[in-house]
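Have the viewer open and follow along.

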Amino acid sequence: MPAHAPGRQFRVTRLLRLAGPLAVAVAAGVFSAFYLAPGVDTASMTRGPLGPVVWPKAMLACLLASAAVVFLVRLWQFAKGVPDDVDGGKGEYHEGRGAAAIAVLLAYAWALPIAGFAFSTAVFIAAVLLLGGVRRPRTVVLTAGIGTVALLYVFVKVSLMPLDRGKGAFETATITLYRLLGIY
Amino acid sequence: MDALAGFGQGIWIALQPLNLAVMVVGVLVGVIAGALPGISFVNAMAIALPFTYFMSPLLAMLFLGGIYVGGVFGGSISSLLVNIPGDPDSLPSCWDGYPITQREGPERSLSIAITASAVGGLFSALLLSFASPPFAKFALSFDQPEFFAATFLGLVSVLAIAKGNLLMSLVSLFTGIVLGSIGTDPLYGVSRLTFGVPILDNGIDFVVVMIGIFAIGEVLDALAARQAAGFAPKHKARMRVLRPRELWALRGSVARGTGIGSVIGIIPGAGAAVGALVAYGIERQVNPRRREFGTGVADGLAAPEASKNATTGTALIPLLTLGIPGSAAAAIMLAALTLHGVQPGPLLYTKSPDMLYAIFASFTLANLFMIVISVLVARGFATLMRADPTIICAFILVFSLVGAFGVRNNIADVYICIAFGILGFYMKRFGFPTAPLVLGVILGPLAEGYFLTSMANYANDLTIFFTRPKSGVLMALAFGFILWALRPELGRLVQRLRR
């Protein structure tokens, strides 16, 4: 394969760049038609030419129009083979690591109310370090452990924020940890 | 209050030990964040925002103002030492600054940069102190149509600086305005685009949007980016303030940069990056040594440095006098004020003059402290560059999510913040600018409110925005901006028609 031949990732990125504005345009149209204020008779409460949904409707129309133009321009570029500023082919991004970072973030958000701030944060910091290429176990454990304790002092002891303690055994364990640290 | 007396009083308040300490810490955080490639001063301000929940409004502004002033300069340290701009606004500093570092050593380039930046920043802070009170007095005569026209000007000026990115800036801006319209409408009390989710009735808090886009989105981007090749400064970094004779030799470029930056700072939507680029561009046109630019001309470094810091003070004029943030940094400051129940606008000048003058004075002092702090940070820069960015990323993510939670002590805001973080990551990934979205979320509801009340007060007469003199001038400026933004496209169209 020639050095500059577009790879699979490059093609996927270009297709995503086409799909993005199209999805925005379609979503704007659907929201404008069905989800502005469902079940509310906005026409009857309208005084003069303006009502409660006029502004968002106008902005959704503008969004639809601008996204549609972006889509058409990109479609034209795609069809004509015009080079654009797609970065996928240059290999500046590690797609897998990006997706994994998002997954770790979502898992942290999911775990917060269940495992509580203290435990989920320690695991989260360790996961991000591993994801970022930190491999020394001592560095990972110490950073996650000391970092979490420092965060607990700042947010719970100093700032008195009502951070989640988790449910069931996690709540008991969090309270025990807070007592050990002298912040409860 | 007389401006001079007010400024003196402001200096006294800003010099109180706690106020001074918070401002100095802010400048230190800003310079360090600015110096680290990948963390801009806007990111640093968004990350620092949650820490201001527990401060008074004045302390919050001193802290964020310190980060702003320090961060705008901080980016130049990495530009000049390793030829990697810490922030986009420090890019022009690489062009002539790094060749100076290579030829004459880092002391010369860093000294030019810090002196020019301090001069620009000080002048801008003094303009903020003495020019904004009369402007606020003038703004007191504004009615709803004028406020709508000013907000409209703020919205369209985002497009005027979207060189080559106009369509994508439009998509970003309208997305932001639509997101800003989620929740109960300001006049009729109807829930819109809430999908039956109760927390959305109150709308999406723009603080959560900003933390998501500017902090989480950036960190995701840093984690997903392939590791950059290792780099470390080759030079031992020292800097000093230029001697009067040396500064006098650069007087033309520093004065031009300062003037350009001060004017660009006032324009909503522009900012330090535009200020630095325009100042470099103009210097390249008018300087006697223009043909040597790019090879290490001192004027080519001094002009953008003076300009970017000259935007910092004047950028607060539209925010404090009209309540309209013209840049992402100003939007974060607006968030800090509104979180404490302070509504910026002309009335603030009569209600809380002490706080305002203390903010003005702190901006002046921050530019002086920036010199001392930058000297220390530059010396420790090699150590700073050895810190593992992954560790910084992990803690930024936790700080950001706790910050989002702290807005309303509600876990739903954490989820919304993550959603905007992912959106910000993909927007950056596919070339959509994020700043117009954030400004859309902030300015959209303001524009809608002013528009609807104008219509209610003036019998639904749409011409009211054009027939009242002040709003007419503002609308004319707004349409001027639109034409300016469309200029390249119109030029291409005319060329095609001629062919």
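This is a predicted model: local features need pLDDT of at least 70, side-chain atom pairs count only at pLDDT 80 or more; totals for chains, interfaces and linings use all residues.

Residues are numbered from 1 along each chain as its sequence is written, chains are lettered from A and ligands numbered from 1 in the order in which they are written, and side-chain values use heavy atoms, with hydrogens and water left out.

Let's begin between the chains. On the chain B side, 56 residues are in contact with 65 residues of chain A, contact meaning heavy atoms within 4.5 Å. Together the two chains bury about 5400 Å², and 77% of that is on carbon and sulfur atoms; buried area here is the accessible area (1.4 Å probe) that two parts lose on being put together, summed over both. How many salt bridges are there between chain B and chain A? The count is zero, where a salt bridge takes a side-chain nitrogen of Lys or Arg within 4 Å of a carboxyl oxygen of Asp or Glu. Polar contacts do turn up: four residue pairs between chain B and chain A, both residues at pLDDT 80 or more. For a polar contact, a pair of N or O atoms must lie within 3.5 Å; within protein, one must be able to donate a hydrogen and the other to accept it, and residues adjacent in sequence count only if both atoms are side-chain atoms.

Which parts of chain B do the touching? At least two residues each come from helix H8 (166–180), strand S2 (191–192), helix H9 (206–224), helix H19 (389–408), helix H20 (411–429) and helix H21 (435–457) of chain B. These elements are DSSP runs numbered from the N terminus, with helices (H or I) of at least four residues and strands (E) of at least two. H19(B) gives the largest share, eleven residues. By type, the chain B side splits into 40 nonpolar, nine polar and seven charged residues; Ala, Val, Leu, Ile, Met, Phe, Trp, Tyr, Cys and Pro count as nonpolar, Asp, Glu, Lys and Arg as charged, and the others, Gly among them, as polar.

Cross over to chain A and you meet H19 of chain B again. The buried residues of H4(A) pack against helix H3 (95–131) and helix H5 (169–181) of chain A, together with H19 of chain B. Among those buried residues are A:Val140, A:Ala144, A:Leu151 and A:Phe155, buried being under 20% relative accessible area, exposed over 50% and partly exposed in between (1.4 Å probe, protein chains only). Helix H4 (residues 137–158) of chain A has 22 residues, which should span 32 Å at 1.5 Å a residue, and its end C-alpha atoms are 30 Å apart, which agrees. The expected span is 1.5 Å times one less than the number of residues. After H4(A) comes A:Leu160, with a positive phi near 50°.

One network links B:Arg103, B:Glu104, B:Glu107, B:Arg108, B:Arg240, B:Arg243 and B:Glu246. Within it, B:Arg103 and B:Glu104 meet at 2.9 Å, N to O, and B:Arg240 pairs with B:Glu246 at 3.1 Å. B:Glu246 is buried at 17% relative accessible area, and B:Arg240 is partly exposed at 25%.

Another salt bridge joins B:Arg256 and B:Glu283 at 2.9 Å, N to O. This pair links distant parts of the chain, with B:Arg256 in helix H11 and B:Glu283 in helix H12 (residues 272–286) of chain B, 27 residues apart. B:Glu283 counts as buried because its relative accessible area is 1%, while B:Arg256 is partly exposed at 31%.

Helix H11 (residues 251–266) of chain B also holds B:Thr258, buried at 7% relative accessibility. Leaving out residues up to four places away in sequence, B:Thr258 touches B:Val119, B:Gly120, B:Phe123, B:Ala306, B:Ser307 and B:Ala310.

Last stop, H20(B). At its start, a side-chain oxygen of B:Asn410 reaches to within 2.9 Å of the backbone nitrogen of B:Ala412. B:Lys428 lies in H20 of chain B and is partly exposed at 38%. Beyond its neighbours within four places in sequence, B:Lys428 is in contact with B:Glu218 and B:Asp221. B:Gly431, with a positive phi near 80°, follows H20(B).
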